[in-house]
Every structure is written in structure tokens, then in C-alpha cells.
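We'll take it one topic at a time.

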Amino acid sequence: MDSNNTPALERHYTSREAAKLIGFTTSSLRNMRLVNKGPRWITTADGTIRYPESALREYLSGVAA
């Protein structure tokens, strides 16, 4: 296996971590999810919400523009 062609795993943040990183409250993030706004998120097999690092970067670059 060639490790140079293997994609690195991406970090996923909890709602609390993501909120702190982008300057929102966890409640604000939840409300944004309910109306399909804000950064992209995933739901894990156990039902928890996670925010991929790339989604947070994408969201922050769109907000700053």
C-alpha cells in the first residue's frame, strides 16, 4: 500500500467544540441545523452530531467573504 496516496482522516468536532471555534453557542448551532443552515454536519451511528473540520473551514470562509 502506498501511504502517499492514502487520504488522511479528517477531524470531526463535537457541537460544543464547533460552537467555540466559530464563536456561537451550541443552541445557535442546533437552531441552524433545524433550518438547514450553518456548517455541514453529520450524524454518527449513535445519534450524536459531528462537524467535519473541512465544513467548519468552508463555513468560516463563506462568512468572512
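Let's start with helix H1, where Ser15, Ala18, Ala19 and Ile22 are buried. Looking down the axis of H1, you'd find those buried residues within an arc of 100°, so they line one face of the helix. Keep in mind that this is a predicted model.

**Helix H1**

- On the face of H1 turned away from its buried side, you'll see the exposed residues Arg16 and Lys20.
- There's a handy general rule here: an α-helix has 3.6 residues a turn, so residues three or four places apart point the same way.
- Ser15 belongs to H1, and it counts as buried because its relative accessible area is 18%, with the cut-off for buried set at under 20%.
- Leaving out residues up to four places away in sequence, Ser15 touches Thr26, Leu29, Arg33, Ile49 and Tyr51.

**Helix H2**

- Now for H2, where the buried residues are Leu29, Met32 and Arg33.
- These cover an arc of only 100° around the axis, which puts them on the same side of H2.
- Arg33 sits in H2, a helix that spans residues 26-34.
- Is Arg33 buried or exposed? Arg33 counts as buried, because its relative accessibility is 17% and buried means under 20%.
- What does Arg33 touch, not counting residues up to four places away in sequence? The list is Ser15, Trp41, Ile49 and Tyr51.
- Take the pair Arg33 and Ile49: they're 16 residues apart in sequence, and 10.0 Å separates them in space, C-alpha to C-alpha.

**Where H1 meets H2**

- In general, two packed helices are described by the angle between their axes and the distance between the axes.
- Here the axes of H1 and H2 come within 8 Å and cross at roughly 100°.
- On the H1 side, the contact is made by Ser15, Arg16, Ala18, Ala19 and Ile22, while H2 brings in Thr26, Leu29 and Arg33.
- Sort the residues of this contact by type and you get four nonpolar, two polar and two charged.

**The nonpolar core**

- As a general point, nonpolar side chains tend to be buried together in soluble globular proteins.
- Which residues form the largest nonpolar core? It has eight: Tyr13, Ala18, Ala19, Ile22, Leu29, Ile49, Tyr51 and Leu56.
- Helix H1 (15-22) and strand E3 (49-52) each supply at least two residues of this core.
- The largest share of the core comes from H1, with three residues.
- Ala18 is one of the core residues, and, leaving aside its neighbours within four places in sequence, Ala18 is in contact with Tyr13, Leu29, Tyr51 and Leu56.

- Where does Asn36 sit? You'll find Asn36 in the loop between H2 and strand E2 (42-43).
- Asn36 has a positive phi of about 55°, although it isn't a glycine.
- Asn36 counts as exposed, because its relative accessibility is 63% and exposed means over 50%.

Technical notes. Residues are numbered from 1 along each chain as its sequence is written. This is a predicted model: local features need pLDDT of at least 70, side-chain atom pairs count only at pLDDT 80 or more; totals for chains, interfaces and linings use all residues. Side-chain values use heavy atoms; hydrogens and water are left out. Helices (H or I, at least four residues) and strands (E, at least two) are DSSP runs, numbered from the N terminus. Buried means under 20% relative accessible area, exposed over 50%, partly exposed in between (1.4 Å probe, protein chains only). Contact means heavy atoms within 4.5 Å. A nonpolar core is a set of buried Ala, Val, Leu, Ile, Met, Phe, Trp, Tyr and Cys residues joined through side-chain atoms within 4.5 Å. The arc is that of the directions from the helix axis to the C-beta atoms. Axes are lines fitted to C-alpha atoms, for helices over the stretch in contact, and angles run from 0 to 180 degrees between N-to-C directions. Ala, Val, Leu, Ile, Met, Phe, Trp, Tyr, Cys and Pro count as nonpolar, Asp, Glu, Lys and Arg as charged, and the others, Gly among them, as polar.
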